[in-house]
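Please examine the sequence and the structure shown below. The briefing that follows covers the sheet, the helices and a pocket.

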Amino acid sequence: MTQTPHPERLKKRWEFQRGYRKGQKYWNREFVIYVHHNAFNSTRLGITASKKIGNSVRRNRTKRLIREVFRLSKERIRTGYDIIVVGRTPSIHLDYQRAQKALLYLFRKARILEKSGNI
């Protein structure tokens, strides 16, 4: 059985493990990201929100927030990367603007964000 990756999202355990093992790690108070160069012409997102964050409502809200920030910033993110975002406990208190600011800061730190726009 060959392992074929999903085109837009990281879903398989082995994809996450590869990102954790080979990716560069960047963090702030709200999030941790792992960035790993992939062999494709697309950027894929994987999200982890453990039970440490809280109940399923809080975890799902955090994941929706991360997906929305990524969706609206995708055209500014360089292609060819696997990005794993791990939500930390303080992320449950964020509104969209603060989540966007925290994630874009990490993307800039990882040097995967293009320098266009004023965000």
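In what order do the 4 strands of the open sheet lie? The order is β1-β2-β4-β3, and the pairing is mixed. The model is predicted: local features need pLDDT of at least 70, side-chain atom pairs count only at pLDDT 80 or more, and totals for chains, interfaces and linings use all residues. Residues are numbered from 1 along each chain as its sequence is written, and side-chain values use heavy atoms, with hydrogens and water left out.

**Sheet**
- The edge strands are β1 (24–27) and β3, each of which pairs on one side only.
- From one strand to the next, the twist averages 20 degrees.
- Strands are DSSP runs of E with at least two residues, helices are runs of H or I with at least four, and both are numbered from the N terminus.
- Two strands pair if DSSP finds at least two bridges between them.
- β1 and β2 (residues 31–37) pair in the antiparallel sense over 4 bridges, and they form a hairpin with 3 residues between them.
- Across this pairing, Tyr26 stands opposite Ile33 in β2, and Trp27 stands opposite Val32 in β2.

**Helices**
- Helix α3 (residues 96–109) lies across β1, β2 and β4 (81–87), running at about 40 degrees to β2.
- Contact means heavy atoms within 4.5 Å; axes are lines fitted to C-alpha atoms, for helices over the stretch in contact, and angles run from 0 to 180 degrees between N-to-C directions.
- Phe16 and Tyr20 both lie in helix α1 (residues 13–22), 4 residues apart, about one turn of the helix.

**Aromatic pairs**
- The structure holds 2 aromatic pairs.
- One of them joins Phe16 and Tyr20 and is tilted, at 6.4 Å centre to centre with 45 degrees between the planes.
- Rings of Phe, Tyr and Trp (its six-membered ring) pair if their centres lie within 6.5 Å; planes under 30 degrees apart count as stacked, over 60 as edge-to-face and the rest as tilted.

**Largest pocket**
- The lining consists of 13 residues, of which Glu8, Arg9, Leu45, Ile47 and Arg67 lie nearest the pocket centre.
- β3 (44–48) and α2 (56–73) each supply at least two lining residues; α2 gives the most, with 4 residues.

Note on methods: 1 Å grid on protein atoms, 1.4 Å probe; cavity = no way out; pocket = protein on both sides within 12 Å on 5 of 7 lines; lining within 4 Å.
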